[in-house]
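Trainee: I would like to learn how to read a structural model feature by feature. Could we go through one together, with the general idea set out before each case?

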Amino acid sequence: MNKARTFTTALLLAALAHQPLALAQDRQDQHTLKDGEARTGSKFRDVLVRSAGVPLNLRYDQLTAEHKAILKAPYASMGDDDEPPFPAAGLAALLSEVQQAGSILEARGLMRLHANVNAQGKVTTIAVMKSVDSRLDMYVAGLLMRTPFKPARCRGEPCAQEYLFAMDFIANP
C-alpha cells in the first residue's frame, strides 16, 4: 500500500489546539485537501489534510469574518484593526508539502513551530515548540522561510509578529 495514502494529516489551528481532535473533525465547516486519485477499487479519494474551520485554498483577504476570528483567537491582545500573519497564497500549497514530507517520514503526533514574520511578510526566524521528527522540523522550517506571507497588521499598519503553525500527523484508520 502506498505510504502517502496511509496517513491523514489534520491541521489544528492554534485556536482549536485545546479542543479534542474529534471535536474539531466533527465541525461542519471543515475544509480538506484530498489525494489526487482514489485507491484501486474505490471512487473516493483519501483526505490528506483537514482544517477545522478555515478554508485551505483562500488568501486571508478572501476569508469571512468568522474565519478571521478563528485565526486571531490564539493571539492574546488582537484589536479590531489587528491581523495575524498568514501565507500570502493561502494554506493549501504549504500544507500539501508538509503532509507529503510527514507521510514519507511516517510522522505521528503534534508539531508546533513559531515563525517570526517581519513587516514585509518575510520569515526571519523559526522556533520549534514541539517536534515529531527533527528532519521534518528542518524541512518545514525551510518551507516556512521560503513562503511569502501577508504580514501582520497592528492598529492597521504592517508589523512583525509570530505565525503559529501547528499540524497533527495521525494514522488513517
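Trainee: Which side chain of opposite charge is nearest to D168, and how far away is it?

Mentor: Before the answer, a word on the source: this is a predicted model, in which local features need pLDDT of at least 70 and side-chain atom pairs count only at pLDDT 80 or more, whereas totals for chains, interfaces and linings use all residues. Residues are numbered from 1 along each chain as its sequence is written, and side-chain values use heavy atoms, with hydrogens and water left out.

Mentor: As for charge, Lys and Arg count as positive and Asp and Glu as negative, while His and the chain ends are not counted. A salt bridge is a side-chain nitrogen of Lys or Arg within 4 Å of a carboxyl oxygen of Asp or Glu, and buried means under 20% relative accessible area, exposed over 50% and partly exposed in between (1.4 Å probe, protein chains only). D168 is buried yet has no salt bridge, and the nearest side chain of opposite charge is that of K130, 8.3 Å away.

Trainee: What polar atom of the backbone lies 3.3 Å from the side chain of D168?

Mentor: The backbone nitrogen of L110 lies at that distance from a polar atom of the D168 side chain. D168 itself is found in strand β10, residues 161-171, where strands (E, at least two residues) and helices (H or I, at least four) are DSSP runs numbered from the N terminus.

Trainee: How many helices and strands are there in the protein?

Mentor: There are four helices and 10 strands, and from the N terminus on they run β-α-β-β-α-β-α-β-β-α-β-β-β-β. Of the 173 residues, 45% count as buried.

Trainee: Which residues touch the most other members of the largest nonpolar core?

Mentor: A nonpolar core is a set of buried Ala, Val, Leu, Ile, Met, Phe, Trp, Tyr and Cys residues joined through side-chain atoms within 4.5 Å. The largest one here has 29 residues, of which V98, V140, L144, Y163 and F165 touch the most other members. At least two residues of this core come from each of α2 (65-72), α3 (92-104), β5 (109-117), α4 (134-146) and β10. Taking contact to mean heavy atoms within 4.5 Å, and leaving aside neighbours within four places in sequence, L144 is in contact with L94, L113, A115, V123, I126, F149, Y163 and F165.

Trainee: Which cysteines does the disulfide join?

Mentor: A disulfide is a covalent bond between the sulfur atoms of two cysteines, and the cut-off used for finding one is a pair of cysteine sulfur atoms within 2.5 Å. The structure holds one disulfide, which joins C154 to C159 with an S to S distance of 2.0 Å. With 65° about the S-S bond, the link of C154 and C159 is right-handed. C154 is partly exposed, at a relative accessible area of 24%, whereas C159 counts as buried at 12%.

Trainee: How many salt bridges does a search of the whole structure find?

Mentor: Side chains of opposite charge can pair when their charged atoms come close. The search finds three salt bridges. One is formed by E83 with K150, their closest N and O atoms being 3.1 Å apart; E83 lies in the loop between α2 and β4 (86-87) and K150 in strand β7 (residues 149-150), so the pair ties together parts that are 67 residues apart in sequence. E83 counts as partly exposed at 21% relative accessibility, and K150 as buried at 19%. D61 forms a salt bridge with R59, with 3.2 Å between the closest N and O atoms, and there D61 is exposed at 54% while R59 is partly exposed at 36%. The side chains of D133 and R135 also meet in a salt bridge, at 2.8 Å, N to O, and D133 is buried with a relative accessible area of 14%.

Trainee: Where is R155, and is R155 buried or exposed?

Mentor: R155 has its place in the loop between β8 (152-154) and β9 (157-159), and at 71% relative accessibility R155 counts as exposed. Phi of R155 is near 50°, a positive value in a residue other than glycine.

Conventions. Polar contact = N/O pair within 3.5 Å; in protein donor to acceptor, adjacent residues only side chain to side chain.
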